[in-house]
Amino acid sequence: MRSGKKRARSEPGSTKQPRSKYSDNPPDFASLASLYPSFKPFVFFSGSRARIDWTDYNATRELTRVLLLHDHGVNWWIPDGQLCPTVPNRSNYIHWINDLLSSGIIQSLGGDGSKVKGFDIGTGANCIYPLLGASLFGWSFVGSDFTVVALEWAEKNVQSNPHFSDLIEIRDSKVPPQCSSVPEVENTESEKTIQEEAEISATVKSDYHDNKSFIEPAVLLGVVKENETFDFCMSNPPFFETFEEAGLNPKTSCGGTPEEMVCNGGEQAFVSRIIEDSAVLRQRFRWYTSMLGKKANLKLLISKLWEVGVTIVKTTEFVQGQTSRWGLAWSFMPIARKIIAPPVVKKSVLSFMLECIKRQYSAVDVLQSVEEFFKSCGALCKLNSSTFSVDIVASNDQCKTISKNDIADVDSVRSHGYEKQSLDGSSLQVPKYNLSFRILVFQQMPGTLLIKGSLQQKDSPLSGLFSGVFGSLEESLKSKFCR
């Protein structure tokens, strides 16, 4: 926990991270292009708005480079094909951990709390979390990984930032702690830029899988040294069970090797391994944390945490643009202060995941189906294809009809030409005794969508019906679109 003057902060469970510079101010591509000539070729205009092609790996990598340099003073690069992180999303995770450390919910490890030490599981060639943690908060880090390219380039990225390089150690998770080492980075060709060196490393492939003595890399046990303690660990785990499942997201291109994106059992199995290790290490870490790509995995993982005897579990949702991720944190430390449960209130924001979506369907199909679902009971709807949202106004009777699932089949509505009602104009006049809400569709990863609903009038007399209405929508969409 950091000392000094106490500052205003968001709650550890909050979706927004107000101290993150990107929470309400997304990157200004036009401004960055004017400042960094290397970024300019990747920027184009759609109307008056500057954009980049998210399916172009070189564009997303250059954006990450200039954001780290411009906003954080960090020199950075990765070779072709390595996972390219998005800076705003990673920044949200770092700020959430800072909120956890500052919350005072659990006891400290001792000392004055002025020096924070973190452990990044699978830091990758990008080494993004240690670089952000060191530059933003002056934290020290151990970043672990096991492939030759990841270890080499994580170390190069650390050494390219001499103003805080002494804060970060890169550790091989396949080497026992007593003889942990990192491949030496020769500096005999210092005239080469970090980008030029990447062109050489891009052709280097790990020989671990061809080595008969290959041992599956450790997570925490076997990598954490004897008597070492940390304030937290963090992980951006491999989301997928197979590289084929990872596929090619048609909307983005962030690269990624099989070692970075795939593991046996996917993210649920990987985070389960962290939980198993934490049950042994226990109070050697104040907080154990991980990011998740699938909300559906939270329930099972939280259940496992209570089984191993944790004292506290915290979760959050990271929303940046059209992407949502979830944060999971737990601890074995004694509770330092009583947590007062907030009064029970009706939820104004609800969400669910559509997973294993049939291949013939896209996010557009789901969005249109949301509109038709509510039109079938006579509710007023307004679909916005640019924001992937539908605004709905429903009466008391219509809400009760929806909650009872007593509505016409969506496909039959289309085929029989049901009379359509829609909302016109940007400002909607909602009668006092109607329920007004918005449904948003977010792309998570290939075959997975997040559906989120939010009340537009939280004090509506019908707000108590929202949960039932949203539950009926979930049942309808899963029945139609999921395998």
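Helix H10 is followed by Gly309, whose phi is positive, near 90°. The model is predicted, and the protein chain averages a pLDDT of 79, with 73% of the residues scoring at least 70.

**Helix H10**
- Helix H10 spans residues 297-307, and its buried residues are Asn297, Leu298, Leu301 and Leu305.
- Viewed down the axis of H10, these buried residues fall within an arc of 90°, so they line one face of the helix.
- Lys299 and Glu307 are exposed and sit on the face of H10 turned away from its buried side.

**Helix H12**
- In helix H12, which covers residues 396-403, Gln398, Cys399 and Ile402 are buried.
- The buried residues of H12 lie within an arc of 100° when seen down the helix axis, so they too line one face.

**Nonpolar cores**
- The largest nonpolar core has 55 residues, of which Phe39, Trp139 and Phe232 touch the most other members.
- Helix H3 (residues 87-102) gives the most to this core, contributing seven residues.
- Another core, of 34 residues, lies apart from the largest one; Leu350, Leu367, Ala394 and Phe437 are among its members.
- Leaving aside neighbours within four places in sequence, Phe232 is in contact with several aromatic residues, including Phe119, Trp139, Phe141, Phe285 and Trp287.
- Ile97, Leu101, Val116, Lys117 and Gly118 are also in contact with Phe232.

**Aromatic pairs**
- Across the whole structure, a search finds 22 aromatic pairs.
- Phe137 and Trp139 form a stacked pair, because their ring centres are 4.8 Å apart and their planes are at 25°.
- Phe137 is buried, with a relative accessible area of 9%, and Trp139 is buried at 0% relative accessibility.
- The pair of Phe141 and Phe232 is edge-to-face, because the ring centres are 5.6 Å apart and the planes are at 80°.
- This pair links distant parts of the chain: Phe141 belongs to strand E4 (residues 140-145) and Phe232 to strand E6 (residues 230-235), 91 residues apart.
- Both Phe141 and Phe232 are buried.
- A cluster linked by ring pairs takes in Phe119, Phe230, Phe285, Tyr288, Trp330 and Phe332.

**Loop residue Ser165**
- Ser165 is placed in the loop between helix H5 (148-159) and strand E5 (168-172).
- Ser165 has a relative accessible area of 17% and therefore counts as buried, the cut-off being under 20%.
- Beyond its neighbours within four places in sequence, Ser165 is in contact with Val158 and Gln159.

Notes. Residues numbered from 1 in each chain as written. Predicted model: local features only at pLDDT ≥ 70, side-chain atom pairs only at ≥ 80, totals over all residues. Heavy atoms only, no water. Buried < 20%, exposed > 50% of the residue type's maximum accessible area, 1.4 Å probe, protein only. Helix = DSSP H or I, 4+ residues; strand = E, 2+ residues; numbered from the N terminus. Arc of directions from axis to C-beta. Contact = heavy atoms within 4.5 Å. Core = buried A, V, L, I, M, F, W, Y, C linked by side-chain atoms within 4.5 Å. Phe/Tyr/Trp six-rings, centres within 6.5 Å; stacked < 30°, edge-to-face > 60°. pLDDT = per-residue confidence, 0-100.
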